[in-house]
Amino acid sequence: MRIGDAAAAAGMTPRALRYYEQQGLVTARRAPSGHRVYDEEDIRRLRAVRELRDAGLTVGDVRMFAPLLRTMPAGGVPDLIPRATGPGRCPAVEAVARRRLADLDARIERLSQLRARLAARLGEPGAGAPVPTAPEAPAGPATAARAGADSGPIFRLDGAPARAPGPASPPGPPALRA
């Protein structure tokens with residue numbers, strides 16, 4: 001089957017299929033005309049890649065155990081990371097999945113902290129204690145906001161001069177200054 005049909009059968013776009021091929025997760029054969037040709041085994045493998053990606057694994061994670069995809073039972077991904085202990089369990093796959101799970105937990109924690117800080121700055125009810133402003137910025141109704149998640153210059157939107165460490169800011173329009 002050609003790339004468009006194979007991509008549709010695997011639930012992805014032809015562009016994604018080409019990318020997975022480039023990453024070594026599937027290898028297309030070529031027809032005499034030069035077109036890529038895929039078989040049912042390739043489709044099964046691509047579906048497994050898609051399921052693993054949908055589960056939160058990166059392409060690099062999947063690439064680490066790509067050889068196991070060839071031996072995967074027809075049932076698919078749940079057999080790669082079995083819940084019960086036993087002979088079907090693969091420690092390498094489990095280690096990758098657990099590392100990715102820990103990474104996702106850390107990212108969720110970081111995003112929760114960022115959300116709480118922003119909610120506190122907006123005075124959202126239940127946001128917790130107010131976030132202290134930077135010492136360079138005067139406290140008041142127009143509190144300073146940081147550019148980006150947790151770094152960068154302080155911007156003032158009330159027309160007051162911005163204060164940031166370093167040399168004095170050059171004169172400019174009072175609407176928005178860094």
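View 1. Beyond residues up to four places away in sequence, Arg45 touches Gly24, Leu25, Val26, Ala66, Leu69 and Arg70, where contact means heavy atoms within 4.5 Å. The model is predicted: local features need pLDDT of at least 70 and side-chain atom pairs pLDDT 80 or more, while totals for chains, interfaces and linings use all residues. Residues are numbered from 1 along each chain as its sequence is written, and side-chain values use heavy atoms, leaving out hydrogens and water. Arg45 belongs to helix α3 (residues 40–54); helices are DSSP runs of H or I with at least four residues, numbered from the N terminus.

View 2. Arg45 is buried but forms no salt bridge. Buried means under 20% relative accessible area with a 1.4 Å probe, protein chains only, and a salt bridge requires a side-chain nitrogen of Lys or Arg within 4 Å of a carboxyl oxygen of Asp or Glu. Glu41, the nearest side chain of opposite charge, is 5.6 Å away. The Arg45 side chain reaches the backbone oxygen of Ala66 at 3.4 Å.

**View 3. Helix α6 and its cover.** The buried residues of α6 are Val93, Glu94, Val96, Ala97, Arg100, Ala119 and Ala120. Their cover includes α4 (59–64) and α5 (66–70). Just after α6, Gly123 adopts a positive phi of about 70°.

**View 4. Val96 within helix α6.** Val96 lies in helix α6 and counts as buried because its relative accessibility is 4%. Apart from neighbours within four places in sequence, Val96 contacts Leu57, Asp61, Met64 and Phe65. Leu57 and Val96 are 39 residues apart in sequence, with their C-alpha atoms 8.4 Å apart in space.

Methods: Helix = DSSP H or I, 4+ residues; strand = E, 2+ residues; numbered from the N terminus. Buried < 20%, exposed > 50% of the residue type's maximum accessible area, 1.4 Å probe, protein only. Lys, Arg positive; Asp, Glu negative; His and termini not counted. Polar contact = N/O pair within 3.5 Å; in protein donor to acceptor, adjacent residues only side chain to side chain.
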